[in-house]
Amino acid sequence: MNAAPSRRSPSPSRFSYGFLVLLLVGGLVLGDSVNAFAPAFGLAAQPRVSAALDPPSSAEWLAADPITVVAQVSSDTDDVFDWGTDSVGYIPTSNLVRLGRGGSLVARVGFRFDHLNVPQGATILSAELQVKSAAEYHNFMRLRIYGHDVDDSPPFTAASRPSVRLNQITAAGVDWNPPSTWLNQTWYASPDVKRIVQAIINRTGWASDNALTLLVIDNGSSPSEGRNVVAYDLDPGSAAKLVISYIPGATLTPTQTRTPTVTFTPTQITTPTATFKPIQNTTPASTCPP
C-alpha cells in the first residue's frame with residue numbers, strides 16, 4: 001500500500017512577502033498606514049506626500065479702490081435759472097438759485113460742473129447733487145433731474161439757458177422729492193443720479209476735465225412750493241456740489257483663476273529581498289511489507 005503524499009504547509013516567508021507588498025501598495029494611498037507598520041518590517045517611515053500651491057500673483061484680482069470726486073460750481077454763471085422759454089426770464093447771476101416754483105412761475109435750473117476729473121468709460125458707483133438751503137422751508141416741492149447730454153457742456157448764455165438745454169437731455173431722469181422741511185444753511189442731497197452721470201461719461205467724446213451740467217426742473221409742485229439755495233455769488237464755498245464715486249474702466253474683469261500646482265515629493269520604496277527556503281521533498285519509507 002502506497003503511503004499518502006505529504007502535504008506542504010504555506011511558506012512563512014511567502015506569506016510575509018505578500019502581506020508586505022499589500023501594505024506597500026496600500027501605502028501609496030494611505031501613507032500613514034505605511035508609516036505605522038514600516039518599523040515592524042525594518043523599514044524607515046516614509047515622508048508624507050505634500051502639495052505646494054503657487055502663491056497668487058500680485059496682479060491677480062487687483063481691483064481698484066473706488067475714487068471719490070467732489071466737484072463744485074466754480075463760476076457765478078455756472079448756477080443759473082430761468083422762468084420760461086424767453087430770454088427775459090433768464091437769471092445768469094444771483095445770490096440765490098430758485099428750485100421748484102415761484103408763484104405761478106416754474107423754474108428751470110442749471111448747475112454746471114467744469115473740469116470734472118472722471119475718465120471716459122468709468123464705472124459710476126454713486127453720484128448725488130448737493131445744495132445748501134438759504135432759508136427754512138415747510139412745503140412739498142417736487143423736482144426732476146436730467147443731464148445735458150453732450151460731450152462737454154458749454155457755459156450758460158441767454159441762447160443756451162436751462163430751458164433751451166432741455167431739448168438735449170439724457171434719457172435717464174431722476175425724481176427728487178425732498179422732505180417737507182428744510183432747515184436754514186443746511187446741506188441737502190438729491191437721490192442717486194449715477195444713471196445720468198454714467199450716460200454722459202459713456203459718450204465717446206467725453207474726456208476727463210470736461211464739463212457736465214445737471215438740469216433741475218419742477219415736476220408737479222403746487223404754486224409757491226419752491227425753495228432757494230445758496231448760489232456761487234453769495235458764497236462760493238456753499239455753491240452746489242456734485243459728489244461722484246467711480247472705478248476707472250468700463251468693467252472689472254478678474255484675471256483667470258489659477259489652477260494650483262500640486263508638487264509630489266516621491267519617496268523611494270525599499271522592496272525587501274525575499275528569501276525563499278526550499279523545502280526538501282522527503283519520500284517517506286514504506287512501512288508495508290513487500
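How many helices and strands does the chain have? The chain has four helices and 15 strands, where helices (H or I, at least four residues) and strands (E, at least two) are DSSP runs, numbered from the N terminus. This is a predicted model, in which local features need pLDDT of at least 70 and side-chain atom pairs count only at pLDDT 80 or more, while totals for chains, interfaces and linings use all residues. Residues are numbered from 1 along each chain as its sequence is written, and side-chain values use heavy atoms, with hydrogens and water left out.

Of the 290 residues in the chain, 35% are buried, a word that stands for under 20% relative accessible area, with exposed being over 50% and partly exposed in between (1.4 Å probe, protein chains only). The accessible surface of the chain comes to about 16900 Å², and 57% of this belongs to carbon and sulfur atoms; such areas come from the Shrake-Rupley method with a 1.4 Å probe, and for residues only the protein chains shown count as cover. Among contacts with a separation of 6 or more, 83% join residues 24 or more positions apart, a contact being heavy atoms within 4.5 Å.

Strand S7 (residues 123-132) is joined to S12 by three bridges in the antiparallel sense, and Lys132 has Trp187 in S12 as its bridge partner.

Another open sheet has six strands, ordered S3-S2-S6-S13-S9-S10, and its pairing is antiparallel. Its edge strands are strand S3 (90-91) and strand S10 (174-176), each pairing on one side only. Two bridges link strand S2 (residues 79-82) to S3 in the antiparallel sense, and Phe81 stands opposite Ile91 in S3.

Finally, Ala158 is found in the loop between S9 and helix H3 (162-165). Ala158 counts as partly exposed because its relative accessibility is 35%. Although Ala158 and Asp82 are 76 residues apart along the chain, their C-alpha atoms are separated by 9.4 Å.

Methods:
Two strands pair if DSSP finds at least two bridges between them.
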